[in-house]
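Trainee: Could you walk me through this one, please? I am new to it.

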Protein chains: 2
Amino acid sequence: MVLVVRGELRLTAGKAAVQVAHAAVMLVRSARSKDRAALERWEAEGEKKIAVVAETLEEMQRLERAAKGAGIPSVFVQDAGLTEVAPGTKTVLGLGPARAEAIDRLTGALPLL
Amino acid sequence: MVLVVRGELRLTAGKAAVQVAHAAVMLVRSARSKDRAALERWEAEGEKKIAVVAETLEEMQRLERAAKGAGIPSVFVQDAGLTEVAPGTKTVLGLGPARAEAIDRLTGALPLL
């Protein structure tokens, strides 16, 4: 599972952490109904998560399209906008659970958060 | 849901985010089997999550005991230790899902991450 944080928003560490957690919970919930085998494989391998940064929304949208093309589950977190950003702002793109190699092909070049 | 990050470890933003996400996923999984009503209430209220900091493990352990006393679910995240900390290091204490007022009584004075 890779969580891609939108760099241009310059979120605080706490805000970014919460948005990353939203994405992880959403991806697990989605996998439970859509691809339980992938979920169980990911759990058995230690529930690996990595947080990386993409600077812009456009870059995240390109990643989302690439993920769809590769059959990797994806989810955008939209913030409720109570604090640092406007309501509905897309803050994190979550990818997975899927085989690490498959996700790494898309996100391996992005810097760690 | 409140995620308490262990300040003395001085985790990077990315490492802290992943540990917070581990805690959130663990708490949701636990609530699914132990207190589905609390989980559904939390989901209906927008899955609120807050990340705060407690400086030491001792402070986190005091919070864990207080949570148990108040009937609030708790979980410690132990890191696999592949990167920034030694294997088994407790990095985050997750609390909830539970009514916000109940958790706030325990963690309301802690600084945001």
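This is a predicted model: local features need pLDDT of at least 70, side-chain atom pairs count only at pLDDT 80 or more; totals for chains, interfaces and linings use all residues.

Trainee: Among contacts in chain A between residues at least 6 apart in sequence, what percentage join residues at least 24 apart?

Mentor: A contact means heavy atoms within 4.5 Å. Take the contacts in chain A between residues at least 6 apart in sequence; the share joining residues at least 24 apart is 70%.

Trainee: In what order do the elements of chain A run from the N terminus?

Mentor: Helices (H or I, at least four residues) and strands (E, at least two) are DSSP runs, numbered from the N terminus. Chain A has four helices and four strands. Their order is β-α-α-β-α-β-β-α.

Trainee: Which residue of strand 2 is the bridge partner of A:Leu3?

Mentor: Two strands pair if DSSP finds at least two bridges between them. Strand 1 (residues 2-6) and strand 2 of chain A run parallel, joined by five bridges. For A:Leu3, the partner in strand 2 is A:Ala51.

Trainee: How many of the five residues of strand 2 are buried?

Mentor: Buried means under 20% relative accessible area (1.4 Å probe, protein chains only), with exposed over 50% and partly exposed in between. Across chain A, buried residues make up 49% of the 113 residues. Strand 2 (residues 50-54) is largely enclosed by the rest of the structure, because its buried residues number four of the five.

Notes: Residues are numbered from 1 along each chain as its sequence is written. Chains are lettered from A and ligands numbered from 1 in the order in which they are written. Side-chain values use heavy atoms; hydrogens and water are left out.
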